[in-house]
Amino acid sequence: MSEAPPLAYFWGEDALMIEQAARAFTARLSPPDDPMEVFRASLDDDAGEEGGSASVAKRRARALDGIEQHLGMAPLFGSGTLVVVRQPAGLLAEKAARTRLIELVATVPPGNALCVTDLTASGAKGPAARGVLRDAIEAAGGEVREFRTPGAGQLEPWLVKRARELEIELQPQAARLLAERVGGHIRESDVDRRRRTELANGELEKLALYRPGGTIDAEDVAALVAETIPGSAWAFLDAVGARAGAKASALAERLLADGAPLPVLISQLHRRLRDLILVREHLDVGSTPPQIVKDLKLQPFRAKKLAEQARAWSLPALEAATVELLALDLRCKGIALDGSTLQVSDAIDALTVQTWIARHASAASR
């Protein structure tokens with residue numbers, strides 16, 4: 001076994017990079033002719049019992065027992081054991097278990113190793129349990145790395161670099177189109193970005209098989225890569241607020257196709273329209289952005305964005321959109337404005353949403 005640190009904590013929102021880091025860590029510690037035994041542990045691995053706090057406590061105890069057993073036994077022969085703990089939040093949720101796991105960090109015998117992989121939610125501010133296990137591993141001299149998913153505008157360089165590693169050349173227009181098709185330009189915080197590079201890497205590997213050692217152009221990407229842009233409720237609401245009808249229409253179609261409940265979207269739309277009405281009223285009497293922030297108790301950035309959107313509307317237009325939104329809400333529940341019963345179907349709901357967008361949230365409706 002090499003002299004590389006026997007401890008590692010890889011965390012962040014990029015599933016692919018975390019997995020690759022764990023593999024590289026394993027490769028550094030394991031000689032090719034005598035690989036380490038790998039034991040994987042997670043609270044989710046033993047989830048077959050009935051629910052309840054007692055069951056969770058038993059599963060947590062069993063997982064920790066397994067980690068201690070495989071990690072604490074010094075190897076007499078071979079390259080030892082690498083214990084990989086996945087998603088440690090469940091193991092760290094209870095004080096005694098948390099203490100027990102942290103104490104193991106300092107007791108890893110020579111020849112064995114511990115690697116923790118912690119895939120966090122998109123936009124999370126830190127690893128599990130406020131980073132106590134990460135900090136313990138770092139204090140013990142282990143390798144600690146955070147992996148963030150490439151943001152909007154950053155995925156294209158990543159794609160070009162990864163393509164070179166796969167021994168293909170990705171033309172700039174092809175990189176741009178591929179980034180768009182896997183959602184690389186989405187900025188909204190409600191979109192799960194954790195699998196973005198994993199998805200992009202899979203498409204690159206497919207393209208590499210299509211043209212091994214060759215050059216990939218935009219036509220290749222258009223032919224082989226399906227559009228998988230995630231729906232975003234925030235993007236939809238912003239498009240409606242800005243009266244960008246084409247974008248709002250496409251996002252609404254995608255959200256509904258992805259299973260977003262229409263009553264939830266209508267509720268979110270109502271809140272946005274209500275906020276726009278309040279801001280529009282302030283703008284009409286000459287309020288400044290600082291005054292709007294103070295009066296409506298908004299964050300400055302949100303107040304600025306709402307003010308920009310409210311300027312695209314008149315107060316009567318916002319009120320008309322709100323009234324018809326009530327009809328849309330009743331329509332999706334099978335109720336007409338006169339109280340009679342209406343036929344309900346997903347197709348009718350989708351058409352009604354598109355009609356509302358065309359009437360109220362498009363440039364032509366201004």
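Start by selecting Phe236, Leu262, Leu265, Ile266, Leu269, Leu328 and Val353, the residues that line the largest cavity. Keep in mind as you look around that this is a predicted model.

**Stop 1: the cavity**

With those residues shown, look at the space they surround. The largest cavity has a volume of about 40 Å³, and the structure holds one cavity of 30 Å³ or more. What classes do the residues of its lining fall into? Seven are nonpolar, and there are no polar and no charged ones. Now colour helix α12, residues 262-284. This helix gives the largest share of the lining, four residues.

**Stop 2: along α12 to α14**

To see where they touch, show Arg272, Asp275, Leu276, Val279, Arg280 and Leu283 in α12, then Arg302, Leu306, Ala307, Gln309 and Ala310 in α14. Sorted by class, this contact has six nonpolar, one polar and four charged residues.

**Stop 3: α10 beside α11**

Go back to Phe236, one of the cavity-lining residues. Select helix α10, residues 233-241, together with helix α11, residues 245-257. How do these two helices run relative to each other, roughly parallel or roughly antiparallel? They pack at an angle of about 150°, with axes 8 Å apart. Angles over 145 degrees count as roughly antiparallel, and therefore that is the name for this pair. The crossing of α10 and α11 is left-handed. On the α10 side, the contact uses Ala233, Ala235, Phe236, Ala239 and Val240. Their partners on α11 are Lys247, Ala248, Leu251, Ala252 and Leu255. Nine residues of this contact are nonpolar, none is polar and one is charged.

**Stop 4: α4 with α5**

For the last stop, select helix α4, residues 95-105, and helix α5, residues 132-139. The two axes come within 9 Å and cross at roughly 20°. Since angles under 35 degrees count as roughly parallel, α4 and α5 are therefore roughly parallel to each other. Their crossing is right-handed. Show Arg98, Leu101, Ile102 and Val105 of α4, then Val132, Leu133, Ala136 and Ile137 of α5, to bring up the contact. Here there are seven nonpolar residues, no polar ones and one charged.

Notes: Residues are numbered from 1 along each chain as its sequence is written. This is a predicted model: local features need pLDDT of at least 70, side-chain atom pairs count only at pLDDT 80 or more; totals for chains, interfaces and linings use all residues. Side-chain values use heavy atoms; hydrogens and water are left out. On a 1 Å grid over the protein atoms alone, a cavity is a set of points where a 1.4 Å probe fits but cannot get out, and a pocket is an open set with protein on both sides within 12 Å along at least five of seven lines; lining residues have an atom within 4 Å of a point. Grid points are joined across faces, edges and corners, and a volume is the space filled by probe spheres set on the points. Ala, Val, Leu, Ile, Met, Phe, Trp, Tyr, Cys and Pro count as nonpolar, Asp, Glu, Lys and Arg as charged, and the others, Gly among them, as polar. Axes are lines fitted to C-alpha atoms, for helices over the stretch in contact, and angles run from 0 to 180 degrees between N-to-C directions. Angles under 35 degrees count as roughly parallel, over 145 as roughly antiparallel, 65 to 115 as roughly perpendicular and the rest as oblique. A crossing is left-handed if the near helix is turned anticlockwise from the far one by less than a right angle, and right-handed if clockwise. Contact means heavy atoms within 4.5 Å.
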